[in-house]
Protein chains: 2
Amino acid sequence: MLSVSDVRQALSQVVDPELGKDIVSLGMVREVNVAEDVVRITIALTTMQCPLKQQIVDDVRARVASLNGAPEVQVTLTEMTPEERARLAGGKDRKQEGMAAHLNQVRHVLAIMSGKGGVGKSLVTSLLAAELRRRDLRVGILDADITGPSIPKMFGLTERPQSTPIGISPVLSRTGIRVMSVNLLLPREDEAVIWRGPLIAGAIKQFWGDVFWATLDYLLVDLPPGTADAPLTVMQSLPLNGILLVTSPQDLASMVVRKAANMAAHLEVPILGIVENMSYAVCPRCGQRYEVFGQSHAFDMAMLLGVPLLARIPLDPSLSALADEGRIEDCRLDGFAQAVDELLQRVPEKATVPRF
Amino acid sequence: MLSVSDVRQALSQVVDPELGKDIVSLGMVREVNVAEDVVRITIALTTMQCPLKQQIVDDVRARVASLNGAPEVQVTLTEMTPEERARLAGGKDRKQEGMAAHLNQVRHVLAIMSGKGGVGKSLVTSLLAAELRRRDLRVGILDADITGPSIPKMFGLTERPQSTPIGISPVLSRTGIRVMSVNLLLPREDEAVIWRGPLIAGAIKQFWGDVFWATLDYLLVDLPPGTADAPLTVMQSLPLNGILLVTSPQDLASMVVRKAANMAAHLEVPILGIVENMSYAVCPRCGQRYEVFGQSHAFDMAMLLGVPLLARIPLDPSLSALADEGRIEDCRLDGFAQAVDELLQRVPEKATVPRF
C-alpha cells in the first residue's frame, strides 16, 4: 500500500502556476488520507475563484496516479482563511527565505512570560521597551501571542510591515521601537487567527528568521499565556538570554505563574526577575491605596525562585487609558527605571542554544 | 531511502512489555529522523529506571534494521513528564476506551470563552455552575484550559479523579458540581504541562469521551485564552449549544474578544450573551464607584454582536478572596441570578454537530 509520505512526495512536484512554488511548501496540502482503495487529498486554494484550480486538481491526480499501486484519487478543495493568504503573500514576495536571520545582529533576547493570561505581559513588555528606548538602545518587540496579540494596539500601530529583498521590515513605533506582530498582517485587527500549534510555531520562527531586525541591543519576546506551543517554540528555537516573569496578586495567578517558572527551569532558561502587575489600586476620590486582588504573593514567589521582585505596578485607570490609546511610550512609572537598571545588570551575556 | 512513515510502521510492532501496547500508540515515539545514512529515533520511557529499557531498545533496532535499505539506527532515550505518565496510567486502567461517552447523557453544553486571558472566564464559569447547582440542576465543569487550569482552585478541590470500569469519575465539589481538570491529575498543582497542540486536543477529547459525567443538565466548558488548538478542538468535537463570551472594559480585551466572536461565527456556534468582568471597583474606604480599566465597551460589543449584555461583575477584593480560598460556591452576586435566567432562556435545544 502507498504511504502518506509517498503521496506527499508526489504532491511536492505539483507547482501552483500562479505562485510558482510547489503546493506542499505553500501549505496548500491540508490532508492526505491513504486507505486500501482510495487516496483522499484536501487542497486549500487561496480562493475558490482561482481560475487555475482545475489545472492544479488535474496535476494532483496525475502525480498521484503515476505512483506504483495507486488506487482511486479523491481531491477535495477548500479555501484558505484571509490570515493564511496574508502569510502566503508575505512569503511570496521574499526572495531568499531566512536570509534576514543571517544579517540580523540581535545582542540579547528576553522573553516576557507569565503562564496566566491577563496579568499584564504585554504592558510590561511595552513599558520595558519604552524605557530601553529612552536610553537610546536599539529595541525590538516580537509579539509571539499569535492568537491574542496586544502589542500593536499599545503603541497605536496599524501600518503594514513592508517586504524587502532581505526580509520583512518591522513597523517602527513613534520612538523607534521595531515591532512585529501578527495583528499588523491582518486585514482587520479583530480577525481571528484560528491556527493549530504547528502554524503558530511556524509564524514565530518566521518572525525570528524572516524579519529584518537588523542590529538590536534587545529583542523582547511577548509570549502568550500557557505553556503550550508558542512558549515552547520560543524557548526551543530562539537564543534566549533570560525570562522576565509577570504575575498579579491573585493566588490563582501565582499558581499558574509557578507553572511557567517550572517550564523555564525544565528548558534551562534563566529567570531574571519578577514584575507584579495590578498590585494595588488608588481610589481616585479619597486617595486610599488598597489591594484589589487580595494580598500579594509576589515577594514569596521571588524568594522561592531566588530572583528579585523588580517592580510592583499599580492598577491605574490612567495607565489603562494610555494603553488603550496607543500611547504607552508616554507612560513613566515611578521606580520603573530602577527596576530596568536591576534587570539589565542580571542579563547574562550568554544565551541558550536554539534547537532549530 | 526509507520514509519516516515506514519507520513508524515498523515501530508500531514494538510492544512495551510492561504496558502490553505498542510504543507508537503509547505516545512513546518522540522523534523519527531519517537521513541518508542514519535513522535517529527518540523514545520516551515512563521512567529512566525502566528495567525493560534495553529490551525495548533492542526491539526498536531489530524492527528498523529489518526494513529494506535500513541504514544505521541511533536510539536516544528520554523520560516522560509526570503528567504524561498520569495520562498513560489513566489510559492503562480503563477497560473500554470511550465507553463513558456512550453512557453519558449531557443535555446542554455551554462553552465559556473570551479570547483574551485573565478577564475572568474561570470565575464566570464557576459562578454560573454554582448558580445552576443552587437550582438543583446537574452540573459539570470541563476545564479545557490544559496549561493554565484554574477551576479546581476556585472550588478548593485537590482530590484525584478515580478510574472506574466505565471511565474516569469527575471530582465532586462541596455542592455537588462534577469537575474534571488536568490539575486534578498532576502530582503538584504548579507542575507545568508542556504540551504541544495535538496532546492538548487529545486531553480535551478524553475529558469529553472518557469521563463518566453520567446525566448532566449542563456541562460548562472553560476554554483557555486564544483561538488556537483548545478552543478549536472544543468547537469542532463537542456538541455545543452555545457560547458565553466574557470580556473586561479594556479596549484591548474587547479587540481580542471580538476575535473570539469571529471564530465562533466562523465555526457556526451561537453566542448567547456577554458577561463583563472587572467592570468597576468600589473604594473600600469611601465607597466611590469608579472604572479601573477605563470606560466599558461591553454594551457596544453586545449591540455589535446582537446579543444581550447579561451581567457586569465588579472588581471586588472579597470576590477574589473567595476564589483564592476555594469558596466560590459561597459567592452570591447581585443580579447574577437574573442574568442566569436570561441566559437559560436563550440556550437553544439544538447543539452543533461534532466533527470527531
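The legends below describe close-up views of a predicted model. Residues are numbered from 1 along each chain as its sequence is written, while chains are lettered from A and ligands numbered from 1 in the order in which they are written. Because the model is predicted, local features need pLDDT of at least 70 and side-chain atom pairs count only at pLDDT 80 or more, whereas totals for chains, interfaces and linings use all residues.

**View 1. The open sheet of chain A.** Three strands form an open sheet in the order 3-4-5, with mixed pairing; helices (H or I, at least four residues) and strands (E, at least two) are DSSP runs numbered from the N terminus, and two strands pair if DSSP finds at least two bridges between them. Strand 3 (29–34) and strand 5 (72–79) of chain A are the edge strands, each pairing on one side only.

**View 2. Strands 4 and 5 of chain A.** Strand 4 (residues 38–45) pairs with strand 5 of chain A in the parallel sense, over eight bridges. In this region Ala44(A) stands opposite Thr78(A) of strand 5.

**View 3. Helix 2 on the sheet.** Helix 2 (residues 53–65) of chain A packs on the sheet and touches strand 4 and strand 5 of chain A, where contact requires that the C-beta atoms of two residues, placed from the backbone, lie within 7 Å.

**View 4. The two copies.** Chain A can be laid on chain B with an RMSD of 0.6 Å by a turn of 180° and a shift of 0.4 Å along the axis, superposed by least squares on the C-alpha atoms of residues with pLDDT of at least 70 in both. The two copies are therefore related as by a two-fold rotation axis. The same surface serves both copies, as 100% of the contact residues of chain A recur in chain B.

Definitions and conventions. Axes are lines fitted to C-alpha atoms, for helices over the stretch in contact, and angles run from 0 to 180 degrees between N-to-C directions.
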